[in-house]
Amino acid sequence: MTTKTNGYQSNGTAKVTRSEEIDSGERYTYELLVETVEYLKKKVPFAPQVGIICGSGLGSLAETLVNSIEIPYTEIPHFPRSTVKGHAGSLVFGYLSGLPTVVMKGRFHYYEGYPLWKCCMPIRIMKLLGVSHLFITNAAGGLNPKYRVGDIMFVKDHINIMGFAGNNPLQGPNDERFGPRFPPMNQAYNRDIIKLAKKVAHEIGLGDKVHEGVYTCLGGPNFETVAELGMLKMLGADAVGMSTVHEVITANHCDMTVFAFSLITNECVVQYETTQEPNHEEVIDVGKKREGLLKKFVSEILRQIFEKGIHN
Ligand SMILES: O=P(O)(O)O[C@@H]1C[C@H](O)[C@@H](CO)O1
């Protein structure tokens, strides 16, 4: 059995795959994405304005939606499949703080075998559905020595390490219907929303737990070596993860307003003497412990963004 869109069977396990299925340079065309959008429009009686991508262990953000409709990725034409624990694999539509919203309960990572353009396919789907504001969340390791487990870092910028080697979600032919060939990236994270996020964090009692910093993404799936972490610190990264950067690039390319935050789920081990090791279970546990506050935070900030009319 073969499928066109990924290298996994419907239960998420890897199937024997011809390598060209995953590595193929064949991109989603605009027309193919419209097929996916048409399918979703038939299922959902409203157009979402807000999109949210849930990081590892943060899928419960979808529970904040009112009048929700959940559609598993396995039922959506041309959609990749989730294969990682803590990433359920469904789109949830509903209302959050009165705003029509779509939540990705589960994202796609490069280490799952998906090329970056495939990891980012849902962002273009959201754009075509009408999403103008994208909230991206992730679990990340804290590199900045001031960060503690459970803290939140508002992403003010990123370092696209994979892009240094030319691995970029926009690599390949450019369709101007999505955006320009050479998009700027110096204002990738909306400054007004970060300002507002700080204010909201104080209002809900998270004030001493929030930071503003630089995120970087490696391909994973292994956590980093001590030497690699030392290098990332020198480069100016405050947190490291395995997602988000390519999503932010794709969202900016198609002119979405972007806000992203990292939940610091572990402090990076930057000394050889330390015997502690990071692990995915711990990452998910920290997400669960923070879910209540994060739900409140996301709902409130969205309410205030639209009250103030913040847009790029
Ligand atoms: O999807 P995110 O970036 O939140 O997931 C992080 C990075 C790896 O996928 C995983 C490691 O525990 O969590």
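User: Which residues line the largest cavity?
Analyst: Leu-116, Asn-160, Ile-161, Met-162, Asn-167, Pro-169, Cys-217, Val-245, His-246 and Ile-249 line the largest cavity. On a 1 Å grid over the protein atoms alone, a cavity is a set of points where a 1.4 Å probe fits but cannot get out, a pocket is an open set with protein on both sides within 12 Å along at least five of seven lines, and lining residues have an atom within 4 Å of a point.

User: What sort of model is this, and how are residues numbered?
Analyst: This is a predicted model, where local features need pLDDT of at least 70 and side-chain atom pairs count only at pLDDT 80 or more, while totals for chains, interfaces and linings use all residues. Residues are numbered from 1 along each chain as its sequence is written, and side-chain values use heavy atoms, with hydrogens and water left out.

User: How much space is in the largest cavity?
Analyst: The largest cavity has about 40 Å³ of space, where a volume is the space filled by probe spheres set on grid points, and the points are joined across faces, edges and corners. A search of the whole structure for cavities of 30 Å³ or more finds one.

User: Which element gives the most to the lining of that largest cavity?
Analyst: Helix 8, with three residues. Helix 5 (161-164) and helix 8 (245-253) each supply at least two residues of this lining. Helices (H or I, at least four residues) and strands (E, at least two) are DSSP runs, numbered from the N terminus.

User: How many of the residues lining the largest cavity are nonpolar, polar or charged?
Analyst: Seven are nonpolar, three are polar and none are charged. Ala, Val, Leu, Ile, Met, Phe, Trp, Tyr, Cys and Pro count as nonpolar, Asp, Glu, Lys and Arg as charged, and the others, Gly among them, as polar.

User: Switching to the largest pocket: how much space, and which residues are closest to its centre?
Analyst: The largest pocket holds about 410 Å³ of space. It is lined by 29 residues, and those closest to its centre are Ala-139, Phe-223, Met-242, His-280 and Val-283. Strand 5 (133-142), helix 7 (226-235), strand 8 (239-241), strand 9 (257-267) and helix 9 (280-308) each give two or more residues to the lining. Strand 5 gives the most, with four residues. The lining has 14 nonpolar, 12 polar and three charged residues.

User: What does UniProt list under "binding site"?
Analyst: The unreviewed entry lists Glu-224, Ser-243 and Asn-266. Glu-224, Ser-243 and Asn-266 are included in the lining of the largest pocket. UniProt positions are given in the numbering used here, feature names are shortened, and annotations may be inferred rather than shown by experiment.

User: Where does Glu-224 lie?
Analyst: Glu-224 lies in the loop between strand 7 (210-217) and helix 7. Glu-224 has a relative accessible area of 17% and is buried. Buried means under 20% relative accessible area, exposed over 50%, and partly exposed in between (1.4 Å probe, protein chains only). Not counting residues up to four places away in sequence, Glu-224 touches Leu-218, Leu-229, Leu-232 and Val-240, contact being heavy atoms within 4.5 Å.

User: Ser-243: buried or exposed?
Analyst: Ser-243 is buried, at 3% relative accessibility. Ser-243 sits in the loop between strand 8 and helix 8. Leaving aside neighbours within four places in sequence, the contacts of Ser-243 are Arg-107, His-109, Asn-138, Tyr-215 and Cys-217.

User: What about Ile-305, where is that?
Analyst: Ile-305 is in helix 9, and Ile-305 is buried at 0% relative accessibility. Beyond four places in sequence, Ile-305 touches His-133, Phe-135, Ile-193, Leu-196 and Ile-310. Ile-305 and His-133 are 172 residues apart along the chain, and their C-alpha atoms are separated by 9.6 Å.

User: Last one, which residues does the "domain: Nucleoside phosphorylase" annotation cover?
Analyst: That UniProt annotation, from an unreviewed entry, covers residues 50-303. The span of residues 50-303 is 29% helix and 26% strand, and its end C-alpha atoms lie 11 Å apart.
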